[in-house]
Amino acid sequence: MNKIHIRKDDRVIVLAGNDKGKTGKVLKVIVKENRAIVEGVHIVTKSAKPSAKHPQGGFIKQEAPIHISNLSLIDPKSGKPTRIAIKREGKNVTRIAKKSGEEIK
């Protein structure tokens with residue numbers, strides 16, 4: 001299984017696909033499938049029957065998972081896509097942006 005460089009609440013940019021260039025916050029990471037759900041990216045229309053949550057029913061627009069390989073973290077300093085480096089000091093693990101050297105929180 002591959003290591004995933006993206007975590008929940010990270011700011012990411014889409015590198016490929018119909019939503020290329022869009023940015024958003026990661027809402028959920030699905031590790032088994034190597035996918036993530038990003039706010040405002042890869043919107044699909046789903047039909048729903050009337051329920052307690054949606055009494056009207058009808059069509060609902062929601063985010064669908066997008067593959068991790070199509071996402072890149074945004075550098076906190078420059079706002080551009082960046083790769084990350086892992087820095088370990090004892091039990092502390094920090095992620096650092098390769099472009100600027102800033103710590104990613």
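Modeller: What follows is a set of questions about the terms used for this model, which is predicted.

Biologist: Why is the contact between D10 and R95 called a salt bridge?

Modeller: The term asks for a side-chain nitrogen of Lys or Arg within 4 Å of a carboxyl oxygen of Asp or Glu. In the pair D10 and R95, the closest N and O atoms are 3.0 Å apart, so the pair meets the cut-off of 4 Å. Side chains of opposite charge can pair when their charged atoms come close.

Biologist: What does the pair of D10 and R95 tie together?

Modeller: D10 belongs to the segment before β1 (11–14), while R95 sits in strand β10 (residues 92–97), so the bridge links parts that are 85 residues apart in sequence.

Biologist: How do you know whether D10 is buried or exposed?

Modeller: Buried means under 20% relative accessible area. D10 has 3%, so D10 is buried. R95 has 4%, so R95 is buried.

Biologist: How many salt bridges does the whole structure hold?

Modeller: The search finds 4. Among them is the pair of D19 and K22, at 3.2 Å from N to O. Another is the pair of K87 and E89, at 3.4 Å from N to O.

Biologist: What makes K22 partly exposed?

Modeller: The label covers values between the 20% for buried and the 50% for exposed. K22 has 40% relative accessibility, so K22 counts as partly exposed.

Biologist: What lies between β2 and β3?

Modeller: The hairpin of β2 and β3 has 4 residues between the strands, and N34 in this hairpin takes a positive phi near 55°.

Biologist: What is the order of the strands in the sheet of 6 strands?

Modeller: The order is β6-β3-β2-β1-β7-β8, the sheet is open, and the pairing is antiparallel. Its edge strands are β6 (66–67) and β8 (81–82), each of which pairs on one side only. β8 pairs with β7 over 2 bridges in the antiparallel sense. In β8, P81 is the bridge partner of I74.

Biologist: Why are β9 and β11 said to stand at the edges?

Modeller: They belong to an open, antiparallel sheet of 3 strands in the order β9-β10-β11. β9 (84–89) and β11 (103–104) each have a single partner strand, so one side of each is left without a neighbour in the sheet. β10 and β11 are joined by 2 bridges in the antiparallel sense, and I96 stands opposite E103 in β11.

Biologist: Which residues touch the most other members of the largest nonpolar core?

Modeller: Of its 14 residues, they are I6, V12, V38, I66, L71 and L73. At least two residues of this core come from each of β1, β3 (35–38) and β7 (71–74). V12 touches residues including I6, V38, L71 and L73. In soluble globular proteins, nonpolar side chains tend to be buried together.

Biologist: What makes the approach of S72 to T82 a polar contact?

Modeller: The distance limit for the N or O atoms is 3.5 Å. A polar atom of the S72 side chain lies 3.2 Å from the backbone oxygen of T82, so the pair is inside the limit of 3.5 Å. S72 lies in strand β7 and is buried, with a relative accessible area of 11%.

Biologist: Where is G58, and is it buried or partly exposed?

Modeller: G58 is in strand β5 (residues 58–63). At 34% relative accessibility, G58 counts as partly exposed. Leaving aside neighbours within four places in sequence, G58 is in contact with K46, S47 and A48.

How values were computed: Residues numbered from 1 in each chain as written. Predicted model: local features only at pLDDT ≥ 70, side-chain atom pairs only at ≥ 80, totals over all residues. Heavy atoms only, no water. Buried < 20%, exposed > 50% of the residue type's maximum accessible area, 1.4 Å probe, protein only. Pairing = 2+ DSSP bridges. Core = buried A, V, L, I, M, F, W, Y, C linked by side-chain atoms within 4.5 Å. Contact = heavy atoms within 4.5 Å. Polar contact = N/O pair within 3.5 Å; in protein donor to acceptor, adjacent residues only side chain to side chain.
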